[in-house]
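Hello,

Here is the structure you asked for. Please open it and keep it beside this email as you read.

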Amino acid sequence: MPRPLRVIAATFALLLVTACNSASSGGTAPSSVRGVTADSIRVGGIVSMTTASGYSKKDTDLGARARYDRANAEGGINGRRIEYLGAEDDGQDPARNLAAARRLVQQDKVFAVSPMSSVTFAGAGFLDAQKVPTVGWGTLPSFCGPAHLYGFNGCLVPTPGGTLNQTWPEGLAAVLGGARGKSVALIAGDNDAGKFGIRTFTQGFKAAGFQVAYAKAAVPATSMPSDWSAYTKEILRSGPGGRAPDAVVSVMQTPYNIGLFTALKRSGYKGVISDPTDYDPGLLAKDATKQALDGVYVLLQFQPFESDSPAMRQFKADIRKAAGGKDVPLNMHMMTGYMSADLFLSIAAKAGKDLTVESFQKAAAGYSDTGTLVGDRAEPKGQKESFGCGALVRLKNGRYEVAVPFRCYPPIPFG
């Protein structure tokens with residue numbers, strides 16, 4: 001065969017092989033964007049599935065999966081299917097959190113991390129430096145400022161110059177018939193998150209008109225006390241004239257709350273007790289837990305499950321489908337995962353067909369919507385302050401009931 005014909009034949013054969021390989025791989029075109037192909041977007045999560053205290057956020061993964069499943073059933077995002085790898089368990093350990101972040105980016109080649117829900121976020125700097133869009137529960141300072149990190153309901157621990165969400169102080173003021181002349185005790189774990197929580201909530205409750213009688217991040221964060229008497233005695237004498245405060249607010253996780261609340265009740269405390277974590281029907285399976293949490297007001301930063309809005313009905317249907325058609329008990333961790341995924345999907349959809357980190361960031365820079373399960377959302381506002389919405393529910397006779405309806409409160413400057 002003459003040389004020109006041989007070249008043409010070889011070129012044709014190469015094109016044929018390339019076409020066959022493309023067809024056999026589902027037509028996926030190569031992409032220079034990490035985690036993005038012509039027909040998929042790869043996403044992973046980081047969640048505290050297991051902890052030393054037994055507290056678990058594992059249902060965060062189910063919530064995220066439920067939202068991604070619906071997105072795929074509706075055709076994906078601009079024609080791309082979400083390939084959700086599931087969540088890595090960081091065990092609430094900083095080293096494992098960073099290792100999980102590195103693994104997801106360097107080995108699994110994800111485009112984004114969503115959800116991220118833990119009390120530690122050692123991987124934050126790495127993810128931001130690697131330009132990985134990351135969405136999670138913005139209860140840590142890492143969600144407040146870095147360009148690629150987003151809280152699904154905004155930044156909840158603002159830096160000076162930002163604002164404070166007043167849902168909790170204003171909600172408890174409504175429960176108590178006003179804050180004037182009322183005292184509150186704030187208690188948290190002895191770690192960075194606890195200390196920052198005490199600082200922020202002290203300012204928030206004072207701004208709402210409360211007298212902050214006690215505010216300490218004093219409880220060992222790595223070993224739960226077996227005897228709470230030292231804490232309860234100090235709290236119960238902290239109010240005006242050495243009396244008990246009108247409200248005790250715990251910024252701690254469920255196992256700690258159960259111990260503290262049980263001790264308070266045994267000491268005869270009759271005031272208001274509140275926390276931000278114990279909205280979980282699964283906690284009511286044990287009588288001791290049910291008794292400890294009975295009457296407690298729980299802060300929510302999303303619509304209560306008891307509401308009947310279209311968005312809540314959709315959430316429940318998505319969770320039921322992801323759980324294999326079973327009516328599983330709903331909890332706030334499911335909502336955390338669901339709304340983390342929802343914010344990521346909403347921004348990615350706005351970024352358009354040409355999905356890159358740059359197009360995602362550009363879409364986020366001007367993003368806003370209304371009427372979601374966490375209220376009105378806006379970026380980059382959410383990287384500096386919370387979306388300012390929430391509710392209080394109360395456990396009463398083994399059932400949760402809405403004590404203060406979901407609404408949005410004007411924020412206050414944080415300093």
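This is a predicted model: local features need pLDDT of at least 70, side-chain atom pairs count only at pLDDT 80 or more; totals for chains, interfaces and linings use all residues.

**What I found**

Strand β9 (residues 247–251) runs parallel to β10, and 3 bridges join the two.

Now zoom out. The open sheet has 7 strands, in the order β8-β7-β9-β10-β11-β14-β15, with mixed pairing. Its edge strands are β8 (211–219) and β15 (399–408), and each pairs on one side only. On average, neighbouring strands are turned by 20 degrees against each other, direction ignored.

For an antiparallel pair, look at β11 (residues 297–300) and β14 (residues 389–396), with 4 bridges. There, Leu300 stands opposite Ala391 in β14. Helix α8 (residues 254–266) packs on the sheet and touches β7, β8, β9 and β10. Its direction makes about 175 degrees with that of β10.

Helix α6 lies across β7, β8 and β9, at about 165 degrees to β7.

How do α5 and α6 cross? The axes of α5 (residues 167–175) and α6 (residues 192–207) come within 8 Å and cross at roughly 45 degrees. That angle makes α5 oblique to α6. The crossing is right-handed. Trp168, Pro169 and Leu172 in α5 meet Phe201, Gly204 and Phe205 in α6. By class, this contact has 5 nonpolar residues, 1 polar and no charged ones.

Best wishes

Note on methods
Residues are numbered from 1 along each chain as its sequence is written. Side-chain values use heavy atoms; hydrogens and water are left out. Axes are lines fitted to C-alpha atoms, for helices over the stretch in contact, and angles run from 0 to 180 degrees between N-to-C directions. Angles under 35 degrees count as roughly parallel, over 145 as roughly antiparallel, 65 to 115 as roughly perpendicular and the rest as oblique. A crossing is left-handed if the near helix is turned anticlockwise from the far one by less than a right angle, and right-handed if clockwise. Contact means heavy atoms within 4.5 Å. Ala, Val, Leu, Ile, Met, Phe, Trp, Tyr, Cys and Pro count as nonpolar, Asp, Glu, Lys and Arg as charged, and the others, Gly among them, as polar. Two strands pair if DSSP finds at least two bridges between them.
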